[in-house]
Amino acid sequence: MDRHSDRVTARSLDYDAALARAVEHARGWLTALPDRPVPPRQNADEVLAVVGGPVPEGPSDAASVVDELAAAAEPGLMAMGSGRFFGWVIGGALPAALAADWLTSTWDQNSGMRYATPAAVAIEEAAGSWLLDLLGLPSDASVGFVTGATMANFTGLAAGRQRVLTDAGWDLDRDGLTGGPRVRVLVGAERHDTVDLALRYLGLGAPRPVATDDQGRLRVDALRAALAEGTGPAIVCLQAGNVHSGAFDPIAEATAVAHEHDAWVHVDGAFGLWAGASPSLRHLVAGYESADSWATDAHKTLNVPYDCGLAIVADRAAVRSAFGVHADYLVHAEGPGDPLERVPELSRRARGITVWAALRSLGRSGVVDLVDRLALRARQIAEGIAEIDGAEIVNEVAFTQVCAAFGSDENTRAVTAALIADGTSWMSGSRWQGRDILRVSVSNWSTDEDDVSRSVDAVRRAMATGRVSA
Ligand SMILES: *Cc1c(COP(=O)(O)O)cnc(C)c1O
C-alpha cells in the first residue's frame, strides 16, 4: 500500500470506529426510551463535574471520546423523545428524519447556494414545495429553513418590516430605522414571548397588545379599534396555536381587517400551522393562506430532530430584499434563487433534508394521521384527567394542548411537583389566565393509548400524594 492509501485507510477507520460506537449508543438510548423514567437523574452541575475540568492535555481517539461522551451524558438526559413527555411543546424524531439528520451531518454541506451544493438545495426545495402543498399555502411562497420558530418569526417580520417601510417611501437599507416612520406592530395579548424577542432583534420595540378572549384568541373588534387609532406602516402578528389553550386567532377575519389598513400579516404557527394539513382540523386556520408570512417548526409537530424551523413568505421579493446579499426590493429574483436569500444565515447546515425524509416517510396520509393523532391523544388525556376527582380541565381542547387545575393554585403546584417526582410522565407547570395549571402538550409521534393511560394514572397518583388540601 502506498502512503496515500495508508492515510485514507487510517482516516476511514477512525470514522468507522467512532460511528459504530455512536450507532450502538443511539440504539441503546432509543431502545430504553419507551420505558425509562422521563426526568434526568442528574442536574447540569453533576454532569459538568464529569465532562468539565481542565482542558485535556492531548488527543484521544475518536471512538473512546464517543464512549466517554455517551456515558457522561446519559444520567443527565431528559427523555424528550418519550411518548410520555408532554412538556413545553417538544416534538420527537421520526425514524427517517433521525437517520437523515445523521446523513446531513455526514455530508456536511454548507447549503446557501444552488450551484455549490445542488443535492442539499434540491432536497430542501422539494421539501419546501411539499410543505406548501400539504399546508395549502401559496405554491410560489419562499420557504427558508431556520433554527426554529423564533427565527422563522424574525424572518417573516423582517420581510414585513422591509415591505411596509418601502411602501411608506422609506429606504431602510440605506437609512436604517432612525428617523423613519414608526412601524406599528399589533399582536394578541397572549402571543408567544419569542414574537417580542424577534421584534427586539428588528429594532421595532415592544408591540401594541390587542385584547384576547378567554381562550387567548385575539379579538377582531379590538384589532379593528387598535388599527384605527393610528396611521402609517403596520404589521399584525397573529397566532395559530396558543401554547396554553392551543386556541387559534380568528385568522381570516383578522387578516381581512389588517389588509384594509395595508398592514403586513404574519402568522406565528410554531405548532398550530400544521392544523392546515388536516382536513378535519383545517377549519382552525381557515383563511390563513391570505396572510403574508408564516412561521412554523418542523421540530415540533413534524417530529424532525432539533433544530428546524420554517420561514414562509408569500412575497419572495420582500424576503430577498431583507436577506439577499445583493438584493434590491424592486428586482425580482430569476428562477428559484439561492437559499441564502431566504434566511438570516449565510452558512448553515442543510436542515431541510430531515423535513424531506419526514414527509417522504409519512406521505400525505401520514401527515394527516400524525396531526390528527396528536389532537386525539390530547383529547384522550383531557378526558382521563377530567375523570379524576378534584381535577378540572380549564381550556377548550381544540388542538394538542391541555391545561388542568387541581383545586387551589397551591394544590396544582403540589400535584405538578409530585407528578414530576413520580417520573412516569412529564408535564410542565405554568400559569395561565391568572391561575396555576398543569400543562400538557402532545407533540410526539409515538405517544400511544398506553402512554395516555399510564400518564393519566400518574396524574391520579400525583393527585393522591401531592394534594395539600381538599
Ligand atoms: C415554540 C414556539 C415558538 C418558538 O419556537 P422555537 O422553535 O423554540 O424557536 C414560537 N411561537 C410559538 C407559538 C411556539 O409554540
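A polar contact is taken here as a pair of N or O atoms within 3.5 Å. In this predicted model, an oxygen atom of the ligand lies 2.9 Å from an N or O atom in the side chain of Lys 300. The side chain of Asp 297 likewise places an N or O atom 2.7 Å from a ligand oxygen, and for the side chain of Thr 150 the corresponding distance is 2.6 Å. The ligand on its own would expose 380 Å², of which the protein buries 85%.

## The surrounding shell

The ligand is surrounded by 13 residues. Thr 150, Asp 268, Asp 297, His 299 and Lys 300 are the closest of them. By residue class, the shell comprises 4 nonpolar, 6 polar and 3 charged residues.

Ile 251 belongs to helix α10, which spans residues 251–260. Its relative accessible area is 2%. Because buried denotes a relative accessible area under 20%, Ile 251 is classed as buried.

Leaving aside residues up to four places away in sequence, Ile 251 touches Leu 238, Ala 240, Val 267, Val 285, Ala 286 and Tyr 288.

Definitions and conventions. Residues are numbered from 1 along each chain as its sequence is written. This is a predicted model: local features need pLDDT of at least 70, side-chain atom pairs count only at pLDDT 80 or more; totals for chains, interfaces and linings use all residues. Side-chain values use heavy atoms; hydrogens and water are left out. A residue is near a molecule or strand if one of its heavy atoms lies within 4 Å of it. A polar contact is a pair of N or O atoms within 3.5 Å; within protein, one must be able to donate a hydrogen and the other to accept it, and residues adjacent in sequence count only if both atoms are side-chain atoms. Accessible areas come from the Shrake-Rupley method with a 1.4 Å probe; for residues, only the protein chains shown count as cover. Ala, Val, Leu, Ile, Met, Phe, Trp, Tyr, Cys and Pro count as nonpolar, Asp, Glu, Lys and Arg as charged, and the others, Gly among them, as polar. Helices (H or I, at least four residues) and strands (E, at least two) are DSSP runs, numbered from the N terminus. Buried means under 20% relative accessible area, exposed over 50%, partly exposed in between (1.4 Å probe, protein chains only). Contact means heavy atoms within 4.5 Å.
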